[in-house]
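Here is a friendly walk through one structure, with an eye on charged pairs and helices. Take a moment to look it over before reading on.

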Amino acid sequence: KVQNSMSSISNWDDEYARISRAASQLRTTNSFQNYQPHPSARQQQIRSVQSGLARLKASLENMRSSGEIGGGDYSRRMGLVDNLENQVGGSSGGVGSGGY
């Protein structure tokens with residue numbers, strides 16, 4: 001049981017790191033839109049990151065309800081996901097907008 005929960009948490013960490021890198025690439029390419037030949041490819045990447053973030057959130061909910069992680073860990077991880085979500089922005093792709 002403990003082994004299983006460790007693997008879930010390390011899977012979550014791996015997935016978070018992967019999505020975080022993808023979000024970071026989006027922020028980088030946002031500065032150099034001349035180099036982006038297909039805006040649709042960018043939209044696709046944004047959608048891919050957003051669906052990954054949704055999976056991370058669902059996984060967190062499951063780990064919390066099964067008791068694999070406590071409330072504090074849950075809140076911390078959820079904050080990381082929310083932060084990435086804000087960086088990627090909504091469908092507008094408005095990276096850096098938001099006034100803060």
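By about how much of a helical turn are Arg76 and Asp73 separated in helix 3? Before the reply, please keep in mind that this is a predicted model.

Arg76 and Asp73 are three residues apart in helix 3, so about one helical turn separates them. As background, an α-helix has 3.6 residues a turn, so residues three or four places apart point the same way. The side chains of Arg76 and Asp73 do meet, forming a salt bridge with an N to O distance of 3.0 Å. Arg76 is partly exposed, with a relative accessible area of 47%, and Asp73 is partly exposed too, at 24%.

Across the whole structure, a search finds eight salt bridges. Among them is the pair Arg55 and Glu15, whose closest N and O atoms are 2.9 Å apart. This pair links distant parts of the chain, with Arg55 in helix 2 and Glu15 in helix 1 (residues 2–31), 40 residues apart. Lys57 forms a salt bridge with Asp82. Because Lys57 lies in helix 2 and Asp82 in helix 3, the pair ties together parts that are 25 residues apart in sequence.

| Pair | Closest N to O distance |
|---|---|
| Arg55 and Glu15 | 2.9 Å |
| Lys57 and Asp82 | 3.0 Å |

How accessible are the residues in the helix-to-helix pairs? Arg55 counts as partly exposed at 46% relative accessibility. Lys57, at 23%, is partly exposed, and Asp82 is partly exposed at 32%.

**Helix 2 and its buried residues**

Helix 2 covers residues 39–65, which makes 27 residues. From its first C-alpha to its last, helix 2 reaches 39 Å, close to the 39 Å expected at 1.5 Å a residue. Which residues of helix 2 are buried? They are Arg42, Ile46, Val49, Gly52, Leu53, Leu56, Leu60 and Met63. Just after helix 2, Gly67 takes a positive phi of about 80°.

**Leu80 in helix 3**

Back in helix 3 (residues 71–88), we find Leu80. Is Leu80 buried or partly exposed? With a relative accessibility of 29%, Leu80 counts as partly exposed, because buried means under 20%. The C-alpha atoms of Leu80 and Ser20 are separated by 9.5 Å, although these residues are 60 residues apart along the chain.

Conventions:
Residues numbered from 1 in each chain as written. Predicted model: local features only at pLDDT ≥ 70, side-chain atom pairs only at ≥ 80, totals over all residues. Heavy atoms only, no water. Helix = DSSP H or I, 4+ residues; strand = E, 2+ residues; numbered from the N terminus. Buried < 20%, exposed > 50% of the residue type's maximum accessible area, 1.4 Å probe, protein only. Expected span 1.5 Å × (residues − 1). Salt bridge = Lys/Arg side-chain N within 4 Å of Asp/Glu carboxyl O.
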